[in-house]
Amino acid sequence: MKKLMLAVLAGALSVSLMGSGVKSASAAGSPKQVEVLLNTIKMKFPDAKPFQDAQGSVMVPIRFVSEALGAKVTYSKEGKVSKVGVYSKDHKVDMTIGQTSALVDGQKKDYGTQIMLKQNRTFVPLRLVSEGLGEKVEWDKIGRWVWIGNKNFRSTDDKEFKLTKLSDFKAYTKSDNVFRDMADEMYNGVKIIKETDLPIQLGDSQVVYSIDIVKSSITKDDQVQIRSNHRGNPIAFLIKNNYAKSRGVLDPAFINNGDKTGMNYYPVVSQSDKFQNGEYIQSYTGWMNFKITQADYILLMDGDLDKYAVAIVNPFK
């Protein structure tokens, strides 16, 4: 209960500082790189990356996607005409570079966008992957992600995510209140993840899709943006041999994405840093000088976690 009240107080302080302008928080900079997720795990492309063309079609490098799905890719050239074939156990696709159509299991289908050669890679419209290889494919316009296959998210409960004992994480536990569950019992340890592990499910609770830095269009202040299927979970910045800097969500800034996910926003700088391991220090002014690069980890707090905490390596450091 003590932990819950501190989170509520921290959130109230944050909202009062930011004011109504938080509703205008938006991501800064150019559109993010298109990424492909195969069964919820991001694929790695060594050179040519997926992209969205001028007319809005999502183009993916067919070879890497096909081979990841167990299909074989062939290339041939007849004069100036370059052909690409993709063959799996159940499907056969024949394509010609420069054409908008392909033969899918013997049937001609038009995709409205040219199959193209770029950086020595063959790029095809996303829909061709779905129809040609028989895979479920979705375009996620919020994350600019291509979902291929299932959405069975990995969990921090999985064995691949090792438990670090709190005694081995001691340099970051000066504020032990953030390492307690809702019953006020200390966690057994912490699971450390990286941004590249996202999206991931925290235990059997919330799914964290992404974490970014954005700016409020009103105040121009930096905020942490976390896309999740839960609303309002707090976070904390962990600094070596220092107190944790807890952050309540800026609830007025919450954005419902309309796809069972939402954007939660957290201030980088906040008076809530006057709470040091549960004690309020009125005279503390150091909160004004905090920079996110000082944190080594960001604690992803979740009331449904009762055995361990989850900390993500600070991707903004």
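## A hairpin to start with

Asp105 has a positive phi near 50° in the hairpin formed by strand 9 and strand 10, where two residues lie between the strands. Strand 9 covers residues 101-104 and strand 10 covers residues 107-110, and the two pair in the antiparallel sense over four bridges. Across the pairing, Ala102 stands opposite Lys109 of strand 10.

## How confident is the model?

Keep in mind that this is a predicted model. The pLDDT of the protein averages 89, and 91% of the residues score at least 70. Over residues 4-28, though, the pLDDT is below 50, and this stretch has 49 contacts in the model beyond near neighbours in sequence. Where pLDDT is low, the predicted coordinates should not be read in detail.

## Arg154 and its partners

Next, look for Arg154 in the loop between strand 14 (145-148) and strand 15. Arg154 counts as buried because its relative accessible area is 15%, under the 20% cut-off. Its side chain makes a polar contact of 3.3 Å with the side chain of Glu160, and the Arg154 side chain also reaches the backbone oxygen of Asp197 at 3.1 Å. Leaving aside neighbours within four places in sequence, the residues in contact with Arg154 include Thr40, Ile41, Phe161 and Ile200.

## Met186 in the following loop

Met186 sits in the loop that runs between strand 15 (163-165) and strand 16 (189-193). Is Met186 buried, partly exposed or exposed? With a relative accessibility of 35%, Met186 is partly exposed.

Not counting residues up to four places away in sequence, Met186 touches Leu166, Asp176, Phe179 and Arg180. Met186 and Ala244 are 58 residues apart in sequence, and their C-alpha atoms are 15 Å apart in space.

Note on methods. Residues numbered from 1 in each chain as written. Predicted model: local features only at pLDDT ≥ 70, side-chain atom pairs only at ≥ 80, totals over all residues. Heavy atoms only, no water. Pairing = 2+ DSSP bridges. pLDDT = per-residue confidence, 0-100. Contact = heavy atoms within 4.5 Å. Buried < 20%, exposed > 50% of the residue type's maximum accessible area, 1.4 Å probe, protein only. Polar contact = N/O pair within 3.5 Å; in protein donor to acceptor, adjacent residues only side chain to side chain.
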